[in-house]
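Work through the exercises below with the structure open beside you. Try each task before you read its solution.

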Amino acid sequence: MTTQRIEERKARDRQARRAQIIRAARQVAESEGWPNVTMRRLSDEISYSQPVLYSHFENREGIVAAVAIEGFQELGLALEKARQRGKRRNPVEAVASGYLEFATASPALYEAMFSLSLSVPFGDPATPPELRFAFSQILELFPEQSTKSETLSELFWASLHGIVELTRTKRFPPKRQKERLRALVEVFSFAIDKMAQVEKSQ
């Protein structure tokens, strides 16, 4: 029994160290940018030797991937909350606003999820559940069980991501952000209504 408790404590300690490494990477990235997130810098930040970091992650890319996966879980939770909150109004508007707010609040995290090179598979049987969870919150807006609903979900996601990136790189003037969001919501709300009408007529 004592041996089991020791092993459980070691597992908890290992998990805590891993979480500490990820948290430190996020903090450095948000304050100074991803180029400053190195194994040496993280070792200094958390006062662990580099071999300890390498015992948890094979390389820096592994840490970035872990951060991205964590980000997708957080995005999924944010969109789920927004969608449920928007049921009485317009869930499309609520999810779109929630997505843009998430990207704006954590730009370095969003960059890890969508802009940095990742070994994490998308749209694949090996896709992590955190990614599937985030996408499922968008998919819930298009209830018809068909490839069309998946395609519309992808287009909605692509539109939101485009707004985020074009705003971030100053290609889109911020002053028209509300107008863009309103137009996007109108387009996809109309698509959902049309899908519902087709489903009723069948």
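**Exercise 1: The largest pocket**

The largest pocket is lined by 16 residues, and Gly-123, Leu-131, Arg-132, Phe-135 and Trp-157 lie nearest its centre. This is a predicted model, in which local features need pLDDT of at least 70 and side-chain atom pairs count only at pLDDT 80 or more, while totals for chains, interfaces and linings use all residues. Residues are numbered from 1 along each chain as its sequence is written, and side-chain values use heavy atoms, with hydrogens and water left out.

Task: describe the lining of the largest pocket by helix and by residue class.

Solution. 
- Step 1. On a 1 Å grid over the protein atoms alone, a pocket is an open set of points where a 1.4 Å probe fits, with protein on both sides within 12 Å along at least five of seven lines; lining residues have an atom within 4 Å of a point.
- Step 2. Take the volume, the space filled by probe spheres set on the points, which are joined across faces, edges and corners. For the largest pocket it is about 320 Å³.
- Step 3. Find the helices (DSSP runs of H or I, at least four residues, numbered from the N terminus). α4 (60–85), α7 (129–139) and α8 (147–168) each supply at least two lining residues. The largest share, five residues, comes from α7.
- Step 4. Sort by class. Ala, Val, Leu, Ile, Met, Phe, Trp, Tyr, Cys and Pro count as nonpolar, Asp, Glu, Lys and Arg as charged, and the others, Gly among them, as polar. The lining divides into ten nonpolar, two polar and four charged residues.

**Exercise 2: The whole chain**

Task: how many helices and strands does the protein chain have?

Solution. 
- Step 1. Count them: nine helices and zero strands (a strand is a DSSP run of E, at least two residues).
- Step 2. Take the extent. The C-alpha atoms fill a box of roughly 65 × 45 × 30 Å along the principal axes.
- Step 3. Check burial (under 20% relative accessible area, 1.4 Å probe, protein chains only). Buried residues make up 36% of the 202 residues.

**Exercise 3: The nonpolar core**

Task: which residues of the largest nonpolar core touch the most other members?

Solution. 
- Step 1. Define the core: buried Ala, Val, Leu, Ile, Met, Phe, Trp, Tyr and Cys residues joined through side-chain atoms within 4.5 Å.
- Step 2. Pick out the residues. Among the 52 members, they are Trp-34, Leu-42, Ile-63, Val-67, Phe-142 and Phe-156.
- Step 3. Ask which helix gives the most. It is α4, with nine residues.
- Step 4. Look at Val-67. Leaving out residues up to four places away in sequence, Val-67 touches (heavy atoms within 4.5 Å) Ile-22, Ala-25, Arg-26, Trp-34, Leu-109 and Ala-112.

Note on methods:
Buried < 20%, exposed > 50% of the residue type's maximum accessible area, 1.4 Å probe, protein only.
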